Amino acid sequence: MRTVLLTGFEPFAGDATNPSGDAVNLVADHWTGPENLVMAVLPVTFHGARLQLLELIVEHSPDVIIATGLAGGRTGIAVERVALNLKDARIPDNSGEQPVDEPSIRHAPDAHFATLPVKAIAADIMAAGIPASVSYSAGTFVCNHVMFTALDGGEPGDRAAGFIHVPYATENAPEGQPSLPLSDIAQALRIAIRTSLDTEVDHSYAAGSIW
């Protein structure tokens, strides 16, 4: 039986909720398989998130890792393609740590590409009527750090791994911020899981950016 590791984050930066953590809980509550789903809500701390993710990988040896996090201001689901080996925090994490111009992992490559079928995931989410796109910047905060951790250290072909940013959930969005219903966010993650499990070769279509 194949195993999927799905993670979200706890609230941070003064928000009362985090739609990534809420959505992965919702996915887990209604999961019917047949694959084994392991769900975790990670702390928004550089050290704690990396440590917990590595512990989950060792314990469960997942075939697919989909980490998720909030990107307030985005209008749809953003399937990340690249993780930078960089911690450059604009704000402190939830433990008060604020690294600047530091590598996520010393002596590791400058970047890793997602091994999820990112274009197929974005296309399948859009086909379900949920706005989605391929993104080329996961930021330089804990989300990017977790994505880089998930992609570093394994052998090619070991697992499919990557990161998905989600917007605010409509139910809890700050006034004026773009959002999606939490049910749509959870549905997008279910689609991402199924596409990751069922797609052997990613789609090829123009999904780049000119800025």
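**Exercise 1. Find the aromatic pairs in the whole structure and describe the pair that involves Phe 12.**

*Solution.* Rings of Phe, Tyr and Trp (its six-membered ring) pair if their centres lie within 6.5 Å; planes under 30 degrees apart are stacked, over 60 edge-to-face, and the rest tilted. Step two: search. Step three: classify. The ring centres of Phe 12 and Phe 141 are 6.0 Å apart and the planes meet at 40°, so this pair is tilted. Step four: place the residues. Phe 12 sits in the loop between β1 and α1 (19-29), Phe 141 in the loop between β7 and α4 (142-151), so the pair ties together parts 129 residues apart in sequence. Helices (H or I, at least four residues) and strands (E, at least two) are DSSP runs, numbered from the N terminus.

The model is predicted: local features need pLDDT of at least 70, side-chain atom pairs count only at pLDDT 80 or more, and totals for chains, interfaces and linings use all residues. Residues are numbered from 1 along each chain as its sequence is written, and side-chain values use heavy atoms, with hydrogens and water left out.

**Exercise 2. Give the strand order of the open sheet and name its edge strands.**

*Solution.* Start with pairing: two strands pair if DSSP finds at least two bridges between them. The 6 strands run in the order β2-β1-β3-β8-β4-β7, with mixed pairing. β2 (36-42) and β7 are the edge strands, each pairing on one side only. The twist averages 20° from one strand to the next. Next, take one pair. β3 (residues 64-70) and β8 (residues 160-166) are parallel over 7 bridges. Ile 65 has Ala 161 in β8 as its bridge partner. Axes are lines fitted to C-alpha atoms, for helices over the stretch in contact; angles run from 0 to 180 degrees between N-to-C directions.

**Exercise 3. Describe the largest pocket by volume and lining.**

*Solution.* A pocket is an open set of points on a 1 Å grid over the protein atoms alone, where a 1.4 Å probe fits, with protein on both sides within 12 Å along at least five of seven lines; lining residues have an atom within 4 Å of a point. The largest pocket holds about 410 Å³. Its lining has 17 residues; Phe 12, Leu 70, Ala 71, Arg 90 and Phe 141 lie nearest the centre.

How values were computed
Grid points are joined across faces, edges and corners, and a volume is the space filled by probe spheres set on the points.
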